[in-house]
Each structure stands twice: as structure tokens, then as C-alpha cells.
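Hi,

Here is the structure I promised to pass on. My notes follow it.

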Amino acid sequence: MLDLSSLALLLFAVFSSAGGQIMLKHGMRAAATAVEQSGGSIALRAATSPWIVVGLVVFAASAVAWMSTLARVPLSVAYPFNALGYLLIVLAGSTVLHERTSVWTWAGSLLVVVGLVTVMAGQQR
């Protein structure tokens with residue numbers, strides 16, 4: 001069973017990873033648009049984009065948090081929480097980035113959450 005500090009660290013790792021991915025996607029979308037409009041190198045645009053730089057920093061922080069989590073929590077408990085990150089990214093992609101999602105995407109996301117709940121229920125025994 002997870003203690004509160006381990007759970008908080010695990011959730012921080014998952015949420016910051018998802019947040020970093022959303023920032024990276026937003027920054028790359030903006031970089032691609034800028035290159036289409038005025039030319040140049042997409043790599044240079046990405047390297048100088050605040051969204052990309054901050055996204056990489058947040059993603060790096062999530063990696064450190066994940067490594068710390070793995071030192072404290074069994075992998076069989078920690079890894080299913082990555083499924084929560086998938087749900088967060090689908091949700092943020094739909095609401096923040098205005099990406100299209102299908103009913104199948106939402107149904108699959110619901111199944112992922114059911115799987116996470118199932119794993120956590122098994123840990124309570």
C-alpha cells in the first residue's frame with residue numbers, strides 16, 4: 001500500500017510528465033506554423049521556443065520524480081499510474097489543444113482508468 005508522500009510523489013511525476021508533453025506539443029505546433037509562414041529551421045524555432053524550453057524542464061522534473069518514485073514504490077504499483085498520464089494527455093489534448101477525439105478514444109481511456117482502479121483495488125488486499 002502507498003503512503004501519502006509516495007502517492008503525492010507518484011502523482012506529481014505523472015501530472016508533470018503529462019504537462020510537459022502538452023507544453024511540448026503546443027510549442028512544436030507553434031514552431032511548425034512559424035516555419036510554414038516565414039521559413040527557417042524547425043529545430044531552431046523549437047530550440048528558441050519558451051513552450052519547448054519550459055516543457056523540457058517540466059518533463060525533466062517529472063523524470064527525476066519518477067526515479068524517486070521507483071526507489072520507494074514497487075514497479076507493479078507505480079507503472080499502472082502511467083495510464084493516468086494517458087488519460088490526462090487525451091483530456092488536455094481535447095480541451096487545451098482543441099484536438100479532435102473520437103468516442104473510441106474516450107471509451108479506450110475509460111478502460112485505462114478501469115484498469116488503474118482494478119490494480120489499485122488489488123493492492124488494498
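Leu10 touches Leu2, Trp66, Thr69, Ala78 and Phe81, leaving aside residues up to four places away in sequence. Contact here means heavy atoms within 4.5 Å.

Before the rest, the ground rules. This is a predicted model: local features need pLDDT of at least 70, side-chain atom pairs count only at pLDDT 80 or more, and totals for chains, interfaces and linings use all residues. Residues are numbered from 1 along each chain as its sequence is written, and side-chain values use heavy atoms, with hydrogens and water left out.

Leu10 also belongs to the largest nonpolar core, which has 15 residues. Such a core is a set of buried Ala, Val, Leu, Ile, Met, Phe, Trp, Tyr and Cys residues joined through side-chain atoms within 4.5 Å. Buried means under 20% relative accessible area (1.4 Å probe, protein chains only). Leu10, Val14, Phe81 and Leu84 have the most contacts inside the core. Its largest share, five residues, comes from helix 1. Helices are DSSP runs (H or I, at least four residues), numbered from the N terminus.

**Helix 3**

Helix 3 covers residues 50-72. Its buried residues are Ile52, Gly55, Ser62, Ala65, Trp66 and Thr69. They pack against helix 1 (4-38), helix 2 (42-47), helix 4 (75-78) and helix 5 (82-95).

**Helix 1 against helix 5**

Which residues of helix 5 does helix 1 meet? They are Asn82, Leu84, Gly85, Leu88, Ile89, Ala92 and Gly93. From helix 1 come Leu11, Val14, Phe15, Ala18, Gln21 and Ile22.

Best wishes

Notes:
Helices (H or I, at least four residues) and strands (E, at least two) are DSSP runs, numbered from the N terminus. The expected span of a helix is 1.5 Å times one less than its number of residues. Buried means under 20% relative accessible area, exposed over 50%, partly exposed in between (1.4 Å probe, protein chains only).
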